[in-house]
Structure formats: C-alpha cells, structure tokens
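This report concerns a model with two chains and asks how its parts are put together. The sequence and structure are shown first.

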There are 2 protein chains.
Amino acid sequence: MFEFQLHAKNNRARMGVFTTPHGDLLTPVFAPVGTQATVKTLTPEQLREINATLVLSNTYHLYLRPGDELVRDLGGLHKFMQWGRPMLTDSGGFQVFSLAQTRTIDDDGVTFKSHIDGSTHRFTPEKSIAIQENLGADIIMAFDECSDPNDHAYTKLAMERTHRWAERSLEAQTRSDQALFGIVQGGVQADLRADSARFIAALDTSGIAIGGLSVGETKEEMHAMLDVVTPLLPENKPRYLMGVGTPEDLINGVLRGIDIFDCVLPTRLARHHSAFSPEGRLNMMNASFARDERPIDETCDCYTCQTFTRAYIRHLIVAKELLAGTLVSIHNLRALIRLMEQIRVYISEGIFEEKAPLLLGQWSNNAKRR
Amino acid sequence: MFEFQLHAKNNRARMGVFTTPHGDLLTPVFAPVGTQATVKTLTPEQLREINATLVLSNTYHLYLRPGDELVRDLGGLHKFMQWGRPMLTDSGGFQVFSLAQTRTIDDDGVTFKSHIDGSTHRFTPEKSIAIQENLGADIIMAFDECSDPNDHAYTKLAMERTHRWAERSLEAQTRSDQALFGIVQGGVQADLRADSARFIAALDTSGIAIGGLSVGETKEEMHAMLDVVTPLLPENKPRYLMGVGTPEDLINGVLRGIDIFDCVLPTRLARHHSAFSPEGRLNMMNASFARDERPIDETCDCYTCQTFTRAYIRHLIVAKELLAGTLVSIHNLRALIRLMEQIRVYISEGIFEEKAPLLLGQWSNNAKRR
C-alpha cells in the first residue's frame, strides 16, 4: 500500500510518488499544518484551491481536544475535518517536550501536564500509536524524544531512547493502512546523527523522518546534519524533515534528498501580517502599501494575488479584520506549494541543481525568522 | 438607471427587481454588512457562493479608515473590496450618533470625535454625500439624525432636521449612477412617522429608507410604525428597513411592504457561536454537540451544512479556532438569504401571506436578541 516510486533524481534531490489510502502524493511536498484539525483561518476548499496535497495535524493537541476517541468515533480525522487528501500526524513527542508543563521522562514514556488545564497525562510509544490509530492519518510517526541538541551526553541518551521507542512503536502498530515513519534524532552531533540514521534505516518502516532540527541550531548545522543523515538512508523510502520551514530551507532540504516538509511558519507569519514575496518578506501593515495597487506577488497565481491589492490587505490589517489572516495565509501557503511544484518540474527535467542557486536567490530574503 | 419593477404583490408584500449599475437586485433582499469593506471573516467568493446579492458598507468607518479619498483613488469600493454585485452605503448618521465620542449636533451638521483616535471630524449632508460619492456604492443614503425614539419633542426636532438634510443631500448629489434614498424618521411616534413618510415620499429620490427602528423599541412598536409608514409610500420605489434584523423581523417586514434589509446580526452571532436553525438559535459551544454528527441545519444548502458536523464546529469553537466564525457566518447569512429566496418564490406564487405564519413558526425561536 505504501509504495514510494522515484521518478527522477538530480544528484541527491528526488522527485517521486508516495501512494497512500487517500491518494498519490507527489514529492517533494510541503504540508500545511492543521494543528487542531484545521489549517488556521482556511476552509478545506481553500486548501484544495492552493493545491495542498498533504496536511499535518498534531497528536498532542487532538488527544487533549477534542480527544482521539471522539475523532475515531466520528469516523476519523479525514472525515472530522473534511480533508479527503493525505494526512500526517506527528507522534506528540515534540509538543510534549515544548508545550506541556512539568514533564518527567523515563525510559517507558513521558508524564506531562496539559497546557490547557494542567491535568496530568502520560504518553508512551504504545499510547502515541494508539492515539494516531484513532486519528487515522495516512502517515504516522514513531514516538520520539527531542532533546537539547548541544548536550552530547544527554542527546545520546535521548537518541537511544528514541530508538527503543521506534521499535516499540512498530510493535504497537495494528493498522496496516497507515505508513509508520521512524524518526532520526541526534541533535547537532554528527556521530549521533549517523548512528541514528543507520538504526532507523534498518527498521521496517514505510518512511523516515528527521527530527530535532530547525529548533535553534544554525543553518550550517542543519545542512551538516542532513549531509550526514540522508546518504545513510535507503533510496526507496520517503524522507520527512520535520518542522521545516522557510522557502530557503525547503530548497536546501530538497538539494540534500528530503521529500516531505511541514511548518507552521507560512500561516503563523500570515496572522502576523508577514507575506512571502520575491522582494523578501513583506510586512503588509507597512504604510508604504496604503495605496499600492499591486498584489502581494505579481507572479503568484493564488486567489489573494489574483484578486486583491496590497492596499486592501493593508486596510484589513489596520482595521483588525480577520479576513487579512485568511488572505495572507492563502498566499503564503500557495507560495511554498508553488515553489515545490516548480522544484518537482525542475527535478523531472534534470535541471534542479542548476536552477537551485536562482531559486535560493529569489527566496533568500524570506529566510530570516521573525 | 434605477428602475424598480414590481413583479408580484401579495397584499402589502412585494416582489420586484431594482436595476443598478452592478446588476439587477431581486427584492425582497437581505444585505450582509461589510462594515469596514469586508463582511467579517468571509471572502467575496464565499459571499457569492451563498448568493449574497447586495452588501452594505459603512460610511463612518470607511471615512475614518482607510479614508474615502483613498478608496476613490483606488477605483471605488467595489474594486477595493472586489465585490462586483450591488452595494449600499449608509449616511454615517447612525454611526456618528452611536459610535463616535462627544458629538455636538447643530442644524448644519454634526461634529464628533473618532472612536479610533479621538480626532475631531464634522459630517454635514454635503459631506456625507461627498464621501458616499467617493466610495461609489450603487445605493446611497441621505444624511439623517437618529434620535432617542421616546422623546416626542426632540424626535420631532430631529425629524425636521432629517427632512432638511434629505433635501440638502439631494442637492449635493453630483453622480447620476447612484440611487439616493431619503430616510423616514420619527421614532415610535405615529404622527411623526406619518409626517416623515409623506415628506420623504414627496422628494425626488430613487428609494426610501426607514431609519430609527430596531434600536430598542418593542416588536409591536416596530410593526405599528411600519403599518403607519409603508401605506404612505409610493409603490414604485424600493423601501429599505435599516438595521433589521432577525429572521422573524424579515418576515414581518416583508408582510408590511419592505423590500431591502441589512443587519450585522447573522455575522455577529456567528462570531459568538450562535447559529440560526429551525430548532431555534443554537449555541454551538454547547457540550451536547460534542458528538453530534448532524449539520447545523439539515435543511440548509450552505457549504458549512453540506460539509461539516456540529461536532466539528463545536471543536473549532472550544479550541478557539477562527474557522468557526467563518463557517457559522456562512451558515447564518445563507439562512437569511435563503429565507428571502423562499419569500420571493412565495410572493411570486401569490401564497406568501398564507405561508407567513408557517415561516414565522419555523423561525420564531431565532428571534430573541442576545
């Protein structure tokens, strides 16, 4: 069921098709994030219009609210949020470590308090898989520990725990219609990343995720880790770089053999009035846009750019109108999805490596984090 | 240009077509309110999908932000907000009296302070028309004073001022492609309402608005005032009951000869989780909906009801997701627009008076104000 066919390669960059129960996924692909079973401010119809093909949702959030058993009883996440195309859920690990309060980790799992009401909960690999089976995404993740990347001793310990948890996650899986991915950890330590890549690559998973990056390390460190990891991974499994990122990160990731990306950045930036454009990130509240009759990006084919002026979008922002968040989200997501469409064409034509510097030049102004 | 053709009558209820520069408007019609050049949380595309035909925007708000001259310079309100169908602007009078700070009224106009920044501004009939000409809606309003309806002496004074302002508004008009409506005032005083109806009816306007209702008076008082006013109005001009209202108010208004309505209620209720339904207004946050797989209204043809369960909408509300406001706004507006479509069919079939009690019964639970 989870065949991954490579259609073209340019050095390490790959263009392929991952077959899922909810349709074929062309890779490389960028997945908008629908944390709480909704990509913030957008309808599923609007997501289809920007050609989103894969949507990520968060296990930690949905477990707490509305509850994974409720989602299961109502027919699963696809039906609940009316998204008929492929979906991916994370393991909850990252959120437990970054959002939950007063968590305690042991070799068996993690006990934590909900960020919503302080109630106590426990995730183990078995629990994470059970929740993800209730949610029913096409692609699910092994439970992992995402640790402080700079502490070698602790990172090694967390990585080894992640490896045992990956084995337990595989054991725990009962559904055959979900592609389980193991997660490579190891912080910014090249030796640990290599160990982790070899370990996870040897497991019988449908794909391989790379976690613990884009969490504060430098771009050079991220690239160095990808340069260590992807050459050690099998060709015939899709590779997912978790929580990345900016347009520049996507281009650099594909160059290093990544197939799947997700990030809250485009929608989060949109709600803070920041729009991707070839001129760099635009602060749409800027007074210079008050009478600007151009779209955000004259080269963009999204509803927002095909319909509205910068002047109107600025007005909505200044007037605190919620439509601003919707319109800029449509544009920012479409910008990344369109970038990936362009990259797929370049790879299939064998010219991605040649075109990559141009793309990086176009998008480099959008790389800075706010 | 502003022909109003009556196609059918059932006693006082009328079905007609008002011709505007942006297309024919079938009446009776309910207009969603786009206060700041946007119907809150909805794209123009979503408004077209629910068959909205007329959208209202507010002169006071747009004058302050982004400024009517800016809107004019960018091609007018239709182009600015990308709404290609008919639009209506109010005169700013009601907002000046209800929103602005420390206003002083004299026979020439009103001086007020902006609710946004406290800056001082002045509206006169001439200024209101100039602003509305800059905005460029198809239907514009004479400047009026909306006073405390229960003080007979002051209401008479305000009404007489409104009449002089209506004459001045007509004088001030320079564009021939905008239908100017005079506004009948007179509070809840039958004698004043009759005087005002006769005065405004005698002016050379393209339509007649009825202001100063739905501002705190009882339903019986509103109906009594309509019963005084509409029989005194010419048949061949559309009649617009400003700021009304609930489903029940619309039915009762049409029964009394009203052709045009607008109200913020459907979108405001939606943002406060309240949905129109044949069961009455539903508080969509109610725990009883947590596992309810039905749509808000099983008889509704809107995107929300055709796509999502009450359980999902409740989840979005509990999780504080903005999409909830969008989805319930789509439904609430569609409910009123569909009601008007149904009423037009009934009038054209000559059965509206016979069907009205049934419609009132269906919608009476939705009448209460929050």
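The sections below treat the domains, a helix pair and the contact between the chains.

## Model and domain division

The structure described here is a predicted model. Chain A is divided into two domains: domain 1 spans residues 20-263, and domain 2 spans residues 274-370. Taken over C-alpha atoms, the centres of domain 1 of chain A and domain 2 of chain A are separated by 27 Å.

## Contact between the domains of chain A

Where the two domains meet, 20 residues of domain 1 of chain A are in contact with 22 residues of domain 2 of chain A. On the side of domain 1 of chain A that touches domain 2 of chain A, at least two residues each come from β4 (29-32), α1 (44-49) and α10 of chain A. The most is given by α10(A), which contributes six residues to this side of domain 1 of chain A.

By class, the residues on the side of domain 1 of chain A that touches domain 2 of chain A comprise 13 nonpolar, four polar and three charged.

## The pair α10(A) and α15(A)

Helix α10 of chain A (residues 247-255) and helix α15 of chain A (residues 352-363) have axes that come within 9 Å and cross at roughly 165°. Because of this angle, α10(A) is roughly antiparallel to α15(A). The crossing of the helices α10(A) and α15(A) is left-handed.

Which residues meet in this pair? From α10(A), Pro247(A), Glu248(A), Ile251(A) and Leu255(A) take part, and they meet Ala356(A), Leu359(A), Leu360(A) and Trp363(A) of α15(A). The contact of α10(A) with α15(A) has seven nonpolar residues, one charged residue and no polar residues.

## Relation of the two chains

The same surface serves both copies, since 100% of the contact residues of chain A recur in chain B.

## Contact between chain A and chain B

The contact between the chains takes 31 residues from chain A and 31 residues from chain B. On the side of chain A that touches chain B, α3 (68-73), α4 (77-81), α13 (310-318) and α14 (323-348) of chain A each supply at least two residues. With five residues, α13(A) gives the most to this side of chain A.

The residues of the side of chain A that touches chain B divide by class into 15 nonpolar, 10 polar and six charged.

Conventions: Residues numbered from 1 in each chain as written. Chains lettered and ligands numbered in written order. Predicted model: local features only at pLDDT ≥ 70, side-chain atom pairs only at ≥ 80, totals over all residues. Axes fitted to C-alpha atoms, helices over the stretch in contact; angles between N-to-C directions. Helix = DSSP H or I, 4+ residues; strand = E, 2+ residues; numbered from the N terminus. Parallel < 35°, antiparallel > 145°, perpendicular 65-115°, else oblique. Left-handed = near helix turned anticlockwise from the far one by under 90°. Contact = placed C-beta atoms within 7 Å. Nonpolar A, V, L, I, M, F, W, Y, C, P; charged D, E, K, R; others polar. Domains from an automatic or database assignment.
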